[in-house]
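Hello,

Here is the structure you were waiting for. Please open it first, then read on.

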Amino acid sequence: MIGLSGCVDDTSQDDEEEDEPAEDDDDADTGAPEADPIDDSVNGVDETVEEVNNGPLADTNENVEAINAELENVDDIEGVDEVAAETADDAQDEADRLADEVDRLQDDIFAQVVAEINAQSEELLGQDIAAEVSTPDEAREEAEEIDDEFGDAAEEAVDALNDAADNVEENQAFLNGAADALADIDEDEEDDQ
């Protein structure tokens with residue numbers, strides 16, 4: 001759950017048990033927002049596709065599943081389909097698709113997390129507590145506003161928005177790195193011809 005319900009019943013126990021072990025911030029920071037997830041020595045279409053699918057794409061889908069595990073009142077977020085390419089042109093098409101998926105995932109994650117928070121707050125408080133957000137910065141600002149207004153009673157909602165922001169940023173790094181690697185195949189092969 002990512003809304004208010006756990007906090008309303010027993011805030012102190014949930015906080016102590018979940019704050020320490022569930023600190024995904026460290027994991028998100030080591031998820032390589034700045035690092036290229038594709039091995040530079042990989043340069044063929046088949047090898048790059050395999051690296052993309054087993055590396056950044058798999059990591060992105062794990063991030064999506066982690067959020068889906070917390071959603072109880074809204075639809076799950078759809079993961080990203082694996083890359084399939086046999087030629088440099090196919091790889092460029094897949095790079096373009098992954099670039100589009102960055103925006104789609106960001107929109108879906110924030111929409112569903114906010115909807116989940118509000119579904120739970122509606123049950124408990126009779127009102128929505130989270131406004132729509134569309135960027136990681138907006139999500140963090142909204143988390144601060146909720147924290148200021150509701151304090152400990154909404155700590156799970158605050159954490160959910162901050163975690164969603166981290167998740168989106170990590171997915172952006174994974175998918176952009178994968179898209180760049182696929183696009184580079186096109187450039188490399190055109191240079192060789």
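Below is what was found in it, from the whole chain down to single residues.

Keep in mind that this is a predicted model.

**The chain as a whole**

The protein chain has seven helices and zero strands. Along the sequence the pattern is α-α-α-α-α-α-α. The chain holds 193 residues, and buried residues make up 42% of them. Take the contacts between residues at least 6 apart in sequence: 72% of these join residues at least 24 apart.

**The core**

Nonpolar side chains tend to be buried together in soluble globular proteins. In this model, the largest nonpolar core has 42 residues. Which residues have the most contacts inside this core? They are Leu98, Ile109, Val113, Ile117, Leu161 and Leu182. Five helices each supply at least two residues of the core: α3, α4, α5 (88–125), α6 (136–150) and α7 (155–192). The largest share comes from α7, with 13 residues.

**Helices α3 and α4**

Two packed helices are described by the angle between their axes and the distance between the axes. Helix α3 covers residues 45–54, and helix α4 covers residues 56–68. Their axes come within 3 Å and cross at roughly 20 degrees. An angle under 35 degrees counts as roughly parallel, so α3 and α4 are roughly parallel to each other. On the α3 side, the contact is made by Glu51, Val52, Asn53 and Asn54. On the α4 side, Pro56, Leu57 and Ala58 take part. By class, this contact has four nonpolar, two polar and one charged residues.

Val114 lies in helix α5. Is Val114 buried or exposed? Its relative accessible area is 7%, so Val114 is buried. Leave out residues up to four places away in sequence, and Val114 touches Ala130, Ala131, Glu132, Val133 and Leu161. Ala160 is 46 residues from Val114 in sequence, yet the C-alpha atoms of the two are 8.8 Å apart.

Glu132 sits in the loop between α5 and α6. Glu132 has a relative accessible area of 77%, so this residue is exposed. Glu132 and Val114 are 18 residues apart in sequence, and their C-alpha atoms are 6.6 Å apart in space. Thus a buried residue and an exposed one touch here.

**Ser121**

Ser121 is also worth a look. This serine lies in helix α5. Why does Ser121 count as buried? Its relative accessibility is 0%, and the cut-off for buried is under 20%. A polar atom of the Ser121 side chain lies 3.5 Å from the backbone nitrogen of Ile129.

**Arg104**

Arg104 is found in helix α5. Which residues is Arg104 in contact with, leaving aside its neighbours within four places in sequence? The answer is Ile77, Glu78, Gly79 and Val80. Arg104 and Glu78 are 26 residues apart along the chain. Their C-alpha atoms are separated by 9.6 Å.

**Where to start**

Colour the core residues, including Leu98 and Leu182. Then turn to α3 and α4, whose axes cross at roughly 20 degrees. Finish on α5, which holds Arg104, Val114 and Ser121.

Best wishes

Conventions. Residues numbered from 1 in each chain as written. Predicted model: local features only at pLDDT ≥ 70, side-chain atom pairs only at ≥ 80, totals over all residues. Heavy atoms only, no water. Axes fitted to C-alpha atoms, helices over the stretch in contact; angles between N-to-C directions. Helix = DSSP H or I, 4+ residues; strand = E, 2+ residues; numbered from the N terminus. Parallel < 35°, antiparallel > 145°, perpendicular 65-115°, else oblique. Contact = heavy atoms within 4.5 Å. Nonpolar A, V, L, I, M, F, W, Y, C, P; charged D, E, K, R; others polar. Core = buried A, V, L, I, M, F, W, Y, C linked by side-chain atoms within 4.5 Å. Buried < 20%, exposed > 50% of the residue type's maximum accessible area, 1.4 Å probe, protein only. Polar contact = N/O pair within 3.5 Å; in protein donor to acceptor, adjacent residues only side chain to side chain.
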